[in-house]
Amino acid sequence: MTQGNERKSKLLGSGDIVVSFEFFPPKTEKMEETLWSSIARLAPLRPEFVSVTYGAGGSTRERTHATVTRLLRETQLKPAAHLTCVDATKDEVDAVARAYWDAGVRHIVALRGDPAQGAGTKYEPHPGGYTNAADLVAGLKKIANFEISVAGYPEKHPESPSVDADIENLKAKVDAGADRIITQFGFDNARFLRYLERARAAGIWVPISPGIVPIHNFKQVSGFAKRAGASVPSWLARRFEGLEEDSATTHLVAAAVATEQVMDLVDEGIKKFHFYTLNRADLVYAICHLLGLRPARSNADANAA
């Protein structure tokens with residue numbers, strides 16, 4: 001008999017949790033092998049979709065398109081292509097979007113994008129380009145009936161003057177037609193839950209998925225967090241202290257930290273998670289397993305049973 005005080009997250013079975021995975025287009029042949037090995041490992045978990053990132057100013061445009069179209073051609077996964085406003089006219093962005101639609105892509109992650117000069121520099125809309133993500137969402141909806149995901153920032157976007165202004169911008173994206181919000185990764189669940197409350201209070205009712213990043217390399221992820229405006233709690237730094245040259249233990253600690261985070265969110269009623277995989281499958285797969293997800297059986301396996 002189940003104890004009434006047992007954590008809900010320990011009772012999960014297959015089908016209770018929905019996940020999505022983010023990948024980035026590879027730069028080298030070795031990175032290409034790593035990416036597709038990771039995709040093959042994670043695909044049987046049947047993610048809702050997988051997204052593929054897009055560099056500032058379209059710097060990875062061809063590689064992003066190649067990765068997305070290969071996903072369509074060789075897998076049963078539903079790819080979502082990232083698209084930004086940076087350093088491009090509306091006509092140029094629209095042409096990329098139409099090419100995706102013609103290739104069979106039905107899901108876009110619409111982002112303003114980082115300044116082409118790098119994080120920390122002032123963003124300037126391209127003359128003749130989309131002004132921001134809300135403007136981009138509205139433009140994409142005019143082109144075709146894309147499913148559109150947009151970004152959310154539980155600790156506010158680094159360039160937002162206030163949390164309230166950030167929520168107003170989020171609502172503008174949803175009012176323009178966004179179907180889903182994927183948040184920047186973070187490590188403090190209380191911040192995500194407050195953000196969720198603020199969004200709902202502002203009348204934002206589309207799904208909001210927390211972004212989760214397993215920590216393969218603490219120094220590297222801390223750098224990502226600093227540039228993205230995400231805080232790294234002192235307790236988290238303490239957990240990885242002294243493990244700089246110990247990758248095996250780092251992975252064990254990372255799996256424990258991320259699993260604790262997602263299970264606590266499940267206890268709060270969160271059922272959708274977006275994993276920033278960094279093109280590596282091991283930790284993500286382990287966390288998904290602990291969440292109750294199991295790989296789909298192939299037709300051959302089913303026939304042999």
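Residues 24 or more positions apart account for 78% of the protein's contacts (heavy atoms within 4.5 Å) with a separation of 6 or more. The model is predicted: local features need pLDDT of at least 70, side-chain atom pairs count only at pLDDT 80 or more, and totals for chains, interfaces and linings use all residues. Residues are numbered from 1 along each chain as its sequence is written, and side-chain values use heavy atoms, with hydrogens and water left out. The protein has 305 residues, of which 47% are buried (under 20% relative accessible area, with exposed over 50% and partly exposed in between, for a 1.4 Å probe and protein chains only). Its secondary structure comes to 11 helices and 8 strands; helices (H or I, at least four residues) and strands (E, at least two) are DSSP runs, numbered from the N terminus.

**Barrel**

- The 8 strands β1-β2-β3-β4-β5-β6-β7-β8 form a closed barrel with parallel pairing, where two strands pair if DSSP finds at least two bridges between them.
- From one strand to the next, the twist averages 30°; axes are lines fitted to C-alpha atoms, for helices over the stretch in contact, and angles run from 0 to 180 degrees between N-to-C directions.
- Strands of a sheet pair through backbone hydrogen bonds, either parallel or antiparallel.

**Strand β1 and its partners**

- Strand β8 (residues 272–276) pairs with β1 in the parallel sense over 5 bridges, and K272 in β8 stands opposite V18.
- Strand β2 (residues 50–52) also pairs with β1 in the parallel sense, over 3 bridges; V50 in β2 is the bridge partner of F21.

**Strand β3 and helix α3**

- Strands β2 and β3 (residues 79–84) pair in the parallel sense over 3 bridges, and A81 in β3 is the bridge partner of V52.
- Helix α3 packs on the sheet, touching β3 and β4 (107–111), and its direction makes about 175° with that of β3.

**Helices α3 and α4**

- The axes of α3 (residues 90–103) and α4 (residues 133–143) come within 10 Å and cross at roughly 50°.
- That angle makes α3 oblique to α4; angles under 35 degrees count as roughly parallel, over 145 as roughly antiparallel, 65 to 115 as roughly perpendicular and the rest as oblique.
- The crossing of α3 and α4 is right-handed, meaning that the near helix is turned clockwise from the far one by less than a right angle.
- On the α3 side, K90, V93, D94, A97 and R98 meet D135, L136, L140 and I143 in α4.

**Residue A133**

- A133 lies in helix α4 and is buried, with a relative accessible area of 7%.
- Its C-alpha atom is separated by 7.3 Å from that of C85, 48 residues away along the chain.
- Beyond its neighbours within four places in sequence, A133 is in contact with C85, A110, L111, R112 and K173.

**Positive phi outside glycine**

- R46 has a positive phi near 55°; R46 is found in the loop between α1 and β2 and is exposed, with a relative accessible area of 53%.
- N279 has a positive phi of about 65°; N279 lies in the loop between β8 and α10 (282–290) and counts as buried at 4% relative accessibility.
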